[in-house]
Structure formats: C-alpha cells, structure tokens
Amino acid sequence: MEQQEKKENRRAAYSKRVIKESFIELLDQKPLSKISVKEICEMADVNRCTFYSYFEDIYDLHEKIMQEFYEKQRLIAKSTREKLKQIMKCGRKITVDDVYGLMMEMLSLITENIEISKIIYNPNSENKIHLELGQMYFDMLVPIGFPTHSQPRVKWLKNAYTFVTGGFTGAIYLWIIRDFPETKEAMAMNLSHHIYNVLIDPRISFEE
C-alpha cells in the first residue's frame, strides 16, 4: 500500500512538472489568454483528465504558480521588515549595502526558481507583478522604516515604489531571457544603487 502511494505521488509530481514546463514554453510564444488546455496537454503528453485533476483551467494553473512565488516574496519582505526595524532602533541610516542584501535575497529566489520566474516576469503572463510587488513592499516597509515622513513624501514614495518595481521586473526579465549575462552579485549591486537613489536618498524636495 505504501509503495503504491509513493508511486502515485511520484506520478502526480511528474504530471504537474511537465504541465508547468509545457505552460512555460507556450507562454514564451504567446499571451496567456491565447493558450489552451489542449495545447498544454499535447505538449506535456498528458490527457485532459490529468490536467483537470490538478488545475481548474490555465488561469488556475497560472494563479497557483503566482501564489507560490508571492508567498516566498512575502517571506523576504517580512525578513527585510525585521532587519529594517533593527536598523531604526540602532539609529543608523539605511545604506546601499542594506539594499544590496535585499536584492541578493530576491535574485537568489529567482535563480533558485528559474522556471517559475520565467512565468512571473514574462510580459505574456498578463499579470501586474510590478504593481503587486510595489504595493507589498510599500505596505510592509514604509510605515516601519519611514514613520516620520511628511505626507508629500509618503505619496511620492508610493508612486516611486511602483515605478521602481516596474523597472526592476523589466530588468529581471531581460536578465533571465538573456541567460544571466551578469553575475547575481553584479546585478544586485546595479539594482541597489538605482533603488537607493530613488527610494532612500532622493535629491528632491517634498515641500507642498
């Protein structure tokens, strides 16, 4: 009985994997709305019953992949929030190195989950990752890290988070599809300076 369960679990894991891989390959060719269950099944060499055993439709497949990734992002954001609290308690200013640490965590998540990241950052997947990531990090970090900001700056920061994560997701997508032409460390440093200059130490006035 136990051997049978293990065999079924392996079969289920394999089916899910080939379905996701086929979906990713198709997503590189066309928008999400143009992909059919039939195409996925033919490419994955599974029948429709197998597909529907795990997913309601292609949008459910897409959503499950997205949620898996976002949950990992939320853990990074939570960890960053705690680190930021400690920095504030010590009375120390946030530095480029602090941002670099966050970027390394995020890029490590991407390189450890390349296939999922191809879906997340692919423009064809029709998601709004830059808006969702921007809002997530704004909600988690700004109230803790910058409690004394004036209203004009808080408003500006909210827009800036969306702007920066839009550039971040675009840069990451190019990094992925070009097969990582820069090292993770170089990419993290490059992004860190841009983010620091826009979000942490902008050279502009916020007076109303």
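**Notebook: helices, salt bridges and cysteines**

I began with helix α2 (residues 37-44), where Val37, Ile40, Cys41 and Ala44 are buried. Viewed down the axis of α2, these buried residues lie within an arc of 95°, so they line one face of the helix. I noted that the model is a predicted one. An α-helix has 3.6 residues a turn, so residues three or four places apart point the same way. On the face of α2 turned away from the buried side I found the exposed residues Lys38 and Glu42. Just after α2, I recorded a positive phi of about 60° for Asp45.

Next I looked up helix α8. I checked its length: the 27 residues of α8 (residues 151-177) should span 39 Å at 1.5 Å a residue, and the end C-alpha atoms are 39 Å apart, which agrees. Among the buried residues of α8 I listed Arg153, Leu157, Tyr161, Phe168 and Trp175. Leu157, which is placed in α8, has a relative accessible area of 0% and is therefore buried. I also noted that Leu157 and Ile200 are 43 residues apart in sequence, while their C-alpha atoms are 9.3 Å apart in space. After α8 comes Asp179, with a positive phi near 65°.

I then turned to the salt bridges, of which the count is 8. One joins Glu39 to Lys30, with the closest N and O atoms 2.6 Å apart. Glu39 is partly exposed at 25% relative accessibility, and Lys30 is partly exposed at 21%.

I examined Asp60 and Lys64, whose side chains meet in a salt bridge at 2.8 Å, N to O. These two residues are 4 apart in helix α4 (residues 58-89), so about one helical turn separates them. Asp60 is buried, with a relative accessible area of 14%, whereas Lys64 counts as partly exposed at 42%.

I recorded a further salt bridge between Asp98 and Arg92, at 3.0 Å, N to O. Both partners are partly exposed, Asp98 with a relative accessible area of 26% and Arg92 with 38%. I also found Lys20, Glu68 and Lys72 linked in a network of salt bridges.

Last, I looked up the cysteines. Cys49 is exposed at 60% relative accessibility, and Cys90 is exposed at 65%. Cys41, by contrast, is among the buried residues of α2.

Technical notes: Residues are numbered from 1 along each chain as its sequence is written. This is a predicted model: local features need pLDDT of at least 70, side-chain atom pairs count only at pLDDT 80 or more; totals for chains, interfaces and linings use all residues. Side-chain values use heavy atoms; hydrogens and water are left out. Buried means under 20% relative accessible area, exposed over 50%, partly exposed in between (1.4 Å probe, protein chains only). The expected span of a helix is 1.5 Å times one less than its number of residues. The arc is that of the directions from the helix axis to the C-beta atoms. A salt bridge is a side-chain nitrogen of Lys or Arg within 4 Å of a carboxyl oxygen of Asp or Glu.
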